[in-house]
Amino acid sequence: MKQHTTSYKSLSSERIKLGIGIGIIGILLLFINTKLKSNDPIYTFSRLDKNRTEAIEIAKEYLLSQKFSLDGYQSVAYSSNFLSSEGLLNRQDKQVAYIIEYEGKYKLRDALSSDELGGMGWTVRFFLPETKREYKVWLLAKYDDAKYPHFRETLSDTAYLPSLSQTDALNLVYNFAKTTEIELLNMDLVKEEKLDKQNRTDYTFKFEGNASHPFTIGDAKRTVEFSVHGNHIGSINGSMKIPEAWEREYREKTIYDNIHMFTFFFIFISLGIIG
């Protein structure tokens, strides 16, 4: 009985050239995509460019430049992602979800590049053991200086400080914003609060972006809040004020998605056990 054998036919030179060409194009496209992502803040927001020692030194220099005395203070620092640890496009962060829904990736890139949204950073705490006096500084890991960090001084209610009038305290805020590159253009003063302590007077001033502010997105507003402790700036905090109705709907959708995902995995595992 004869056995039929099929002789091996080598690929033609044209097909080899075509395969090599497709491979080269694939490698080039992969390189271009990687290069683009390496410069895209959507994909680089979680880079940790500073170590703990560098972060503490940057925060310390910032507080000393604001005339705070840190003699005898101890320090601790930990890294943290000020947005989502799951990847921005998974939309785990409500601010990211809101921006993408209303204005897309372009505006998200703009917000990350201009630091309207923070990415990976460090939280640095300076404290005196067994006393109610400490400083916290939140800074972005991508800079070699503090730029515009959020910081907070914690004092006891009975601590003494020279006090200012409300007008002088507001002028202090405006001067501080100007010298530290905090942009208050197209922002309205929406809150002024006086807090009488036992041995000093504190103030809170809150600014909110108006319709002309570049990061007024839909009904969401950019806000910056300052606290004045006695005669100096005691804290800065910037945020994005998202409409309560949208946030409530977003929370409900997130809960629903989590329940749906849990149910799916439960059924999948149950079928695997049964079957």
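Entry 1: I worked from a predicted model. I first located helix H5, which covers residues 166-179 and has 14 residues. I then looked up its span: from its first C-alpha to its last, H5 reaches 20 Å, close to the 20 Å expected at 1.5 Å a residue. Just after H5, I noted that Glu181 takes a positive phi of about 60°.

**Entry 2: its two sides.** Which residues of H5 are buried? I listed Ala169, Leu170, Val173, Phe176 and Ala177. Seen down the axis of H5, these buried residues fall within an arc of 120°, so they line one face of the helix. I recalled the general rule that an α-helix has 3.6 residues a turn, so residues three or four places apart point the same way. On the face turned away from the buried side of H5, I found the exposed residues Thr167, Lys178 and Thr179.

**Entry 3: packing partners.** I next looked up what the buried residues of H5 pack against. The partners are helix H3 (52-65) and the strands S4 (150-154), S5 (187-196), S6 (201-209), S7 (221-229) and S8 (232-241).

**Entry 4: the cores.** The largest nonpolar core has 35 residues. Within this core, I recorded Leu63, Phe126, Phe151, Phe226 and Ile236 as the residues with the most contacts. H5 is one of the elements that give two or more residues to this core, together with H3, S2 (120-127), S3 (134-140), S6, S7 and S8. H3 gives the most, with six residues. Finally, I noted a second, separate core of 17 residues, which includes Leu83, Val96, Ile99 and Leu108.

Notes: Residues are numbered from 1 along each chain as its sequence is written. This is a predicted model: local features need pLDDT of at least 70, side-chain atom pairs count only at pLDDT 80 or more; totals for chains, interfaces and linings use all residues. Side-chain values use heavy atoms; hydrogens and water are left out. Helices (H or I, at least four residues) and strands (E, at least two) are DSSP runs, numbered from the N terminus. The expected span of a helix is 1.5 Å times one less than its number of residues. Buried means under 20% relative accessible area, exposed over 50%, partly exposed in between (1.4 Å probe, protein chains only). The arc is that of the directions from the helix axis to the C-beta atoms. Contact means heavy atoms within 4.5 Å. A nonpolar core is a set of buried Ala, Val, Leu, Ile, Met, Phe, Trp, Tyr and Cys residues joined through side-chain atoms within 4.5 Å.
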